[in-house]
Amino acid sequence: MRKHALRIAISLGIVAIFLLYRLDTIQLPLVHQVELWSYDWRLKNTLPGGQDTQIVIVDIDEKALSEIGRWPWSRNVVARMLDQLIDTYGVAVVGFDVVFAEPDTSSGIRELDKLAKKELKNCTDYQKTLSRNRSRFDYDTLMASRIKGRAVVLGYYFNGDEDKQGKRSSGMLPEPSLVSEELKSRSSILKKSGFGANLPVLQKASAGAGHFNPKPDQDGVTRRVPMLAEYNGAYYESLSLAIFRTLFGQPEIKPVFNQNDGLLSWLEVADLKLPVDLNGAALIPYRGEQGSFPYVSAADILKGRAAKELLEGAIVLVGTTAPGLMDLRSTPVSPVYPGVEIHANMLAGFLNKTLRHAPAFANTYEFILILGLGLLLAFLLPRLGPLASLVLTLVILTAVSTVNLVAWYKLLVLPFAASTLMILLLYILNATWGFLEEARIKHQITGLFGQYVPPQIVSTMSKDPRHFTMAAEDREMTVLFADVVGFTSISEKLEPLVLAQVMNDYLSAMTSIIYRHGGTIDKYIGDAIMAFWGAPLVDADHASHAVQAALEMQQRMVQLRQEFAAQGLPELQIGIGINSGQMRVGNMGSSYRVAYTVMGDAVNLASRLEGLTRQYGVWVIAGEATRQRVSTRGWRELDLVRVKGKHEPVAIYEPLDTAVLSDEARQQELQLHTEFIDRYRARDWDEAEALLNKLQPHFSEGALYQLYRERITLCRQEPPNDSWDGICTFTTK
């Protein structure tokens, strides 16, 4: 917890912000917009498609404008269209998505009235004739006569919110659809201050009227229609609802309130439960793109060219798709969509009962979701690796999306954006934090280990730094000590700068070989080098790599001696000791200084073996533990020794180049050498000496054989007692 405290705190802060948003304490416009986009995505990907022929749109389209004339048409033309629709085609209801707000004077009635009031006011015959034939010239009255007694619903609009006074009103509103004091306190239905309605003569004759005001969201997209609007304390229904009620005999509108919070939740109209929000708006159940309902040109209605079977018994909406008449909306299914088809979609939703709604528990559901998932992810993600975090996030997102889609198909609209964005933000936070933490650890690994190990190992470690630590731990490893023979006397003969250059060349060459074989430099001790294999990277072949490095170091020393000799510098010879075993590796030291190093008995033995190289006249000596781990090369046993500080004896060996295994002469020497060691330890001095005589003249390891010759001579002079076991004990380092 302490390790991840800051990340958890930031995560909880994110959760808190989304909880406050869900409680409507703060506003997050982007989250709201994403919610709208997610709604649109669900809607567009689940559109039922096809055509609903219950509703037909009579379109004042380009064709009608070209054949009949520009809009608005004379009311006698509209009256004739009503006669055609109702009498000829037998439609059930006609709803107008247009408003008839201005008197129609196209018949010349205004001029006739002027004559009656002025020039011909005393002409009795004119006055009688005008009065007798007024109905022929009064197109508004003519249209009203065609509306009266028929299922004709007019449209109108409200033109201002209550807080924006000064809007001019015109025409006549219908009777209010609902008067309810209770509704005022339990809803937030938009209050209007002005309207543009139909002429009184037309309104009085109609079966009803409804407003066609859209309710675009903040992005200008129309996703819902206000079913009710408040004006002067009364409530007026929408055009689609007015048509629906006219179709079913004007049933009463009953508001239904939620039992938990007492707020507006439904409108009951006959057997229809119409879900609305607090503003009294209902979501539009779009069927598809434009053309989800049959379109018939108004010109074809007027000229009798329309198919009767399409119109008979249908609900007709008269509207326009002509671009010049400006009744086009932006919707989730299309950026340009006829307003009249929006009303058709609403009507189809009423008839087919396909209206979606946000249930009363929607906000509570998302609050609990944000709280539960937020706490889970805030505490769990910091503990997980990248893959596990991704899998967990995807599983949760899939579960949330599945629940949301199941609800959608059950006509419930559950909020989606806040919870989803919170989940994604928490994942991004932790993924970014993890990335930066990995980068920091990689940088730390590079800084800490770069001085000890070769670059390729640092690169490997940096790919997965969490698997590496500088904390002390026990491992089976191999350690190597290399030291220049007679360095003190050499250094006394050289100028400081020359000595520094010699040592730089020597140490660089040796370090390069150690690095090439995956070794880690523990430290430089003057002219000495200490290195190990098996940490920080685990190396199953640590012993083999150390031995190979030692042999290559001796080969490189041959070249260095030639280079130094060419410069008039003294030749350098190094001894190398190698040993394997259990060691403690890690950062160790004091409170003032620490170093990544190895410790243990196996390490001390390797140091002692390096010192024995002078005694035996060979330049690489390895312990028994190393020989057992490297079976792919030849070995020559040198002795059984008991070094200073160790009670148990150990066999020591010289590693041989792999070429020895195919060299017949060297194989013969090894065989003779093994026989010699056996004879020596068996106290068969004569046979041992005979074997030495065969070995020494032909092979270069004269110092080793000279050492044993001296031992045999000493044993003859002072024969060892019965406890002698052939072990040579060294009392100095």
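Mentor: Let's start with a pair of charged residues in this predicted model: Glu237 and Arg245 are both buried. Their side chains meet in a salt bridge, with N to O at 2.8 Å.

Trainee: How many salt bridges does a search of the whole structure find?

Mentor: The search finds 37. Another one joins the side chains of Arg224 and Asp217, at 3.8 Å from N to O.

Trainee: Are Arg224 and Asp217 buried or exposed?

Mentor: Buried means under 20% relative accessible area. Arg224 has 18% relative accessibility, so this residue counts as buried. Asp217, at 14%, is therefore buried too.

Trainee: What about Lys353 and Asp271?

Mentor: Their closest N and O atoms are 3.7 Å apart, in a salt bridge. This pair links distant parts of the chain, 82 residues apart. Lys353 is partly exposed at 45% relative accessibility, while Asp271 is exposed at 59%. Elsewhere, shared partners join Asp40, Asp217, Asp219, Arg223, Arg224 and Asp277 into one salt-bridge network.

Trainee: And how do I read the nonpolar side chains?

Mentor: In soluble globular proteins, nonpolar side chains tend to be buried together. Here the largest nonpolar core has 47 residues, and Met81, Leu85, Phe96, Ile301 and Val318 touch the most other members. Helix H4 (residues 75-88) contributes the most, with six residues.

Trainee: How do helices H14 and H15 pack?

Mentor: Over 145 degrees counts as roughly antiparallel. The angle between H14 and H15 is about 170°, with axes 12 Å apart, so the two helices are roughly antiparallel. Among the residues that meet are Leu369 and Leu373 in H14 and Ile396 and Val400 in H15. The contact has ten nonpolar residues, with no polar and no charged ones.

Key: Residues are numbered from 1 along each chain as its sequence is written. This is a predicted model: local features need pLDDT of at least 70, side-chain atom pairs count only at pLDDT 80 or more; totals for chains, interfaces and linings use all residues. Side-chain values use heavy atoms; hydrogens and water are left out. A nonpolar core is a set of buried Ala, Val, Leu, Ile, Met, Phe, Trp, Tyr and Cys residues joined through side-chain atoms within 4.5 Å. Buried means under 20% relative accessible area, exposed over 50%, partly exposed in between (1.4 Å probe, protein chains only). Helices (H or I, at least four residues) and strands (E, at least two) are DSSP runs, numbered from the N terminus. Axes are lines fitted to C-alpha atoms, for helices over the stretch in contact, and angles run from 0 to 180 degrees between N-to-C directions. Angles under 35 degrees count as roughly parallel, over 145 as roughly antiparallel, 65 to 115 as roughly perpendicular and the rest as oblique. Contact means heavy atoms within 4.5 Å. Ala, Val, Leu, Ile, Met, Phe, Trp, Tyr, Cys and Pro count as nonpolar, Asp, Glu, Lys and Arg as charged, and the others, Gly among them, as polar. A salt bridge is a side-chain nitrogen of Lys or Arg within 4 Å of a carboxyl oxygen of Asp or Glu.
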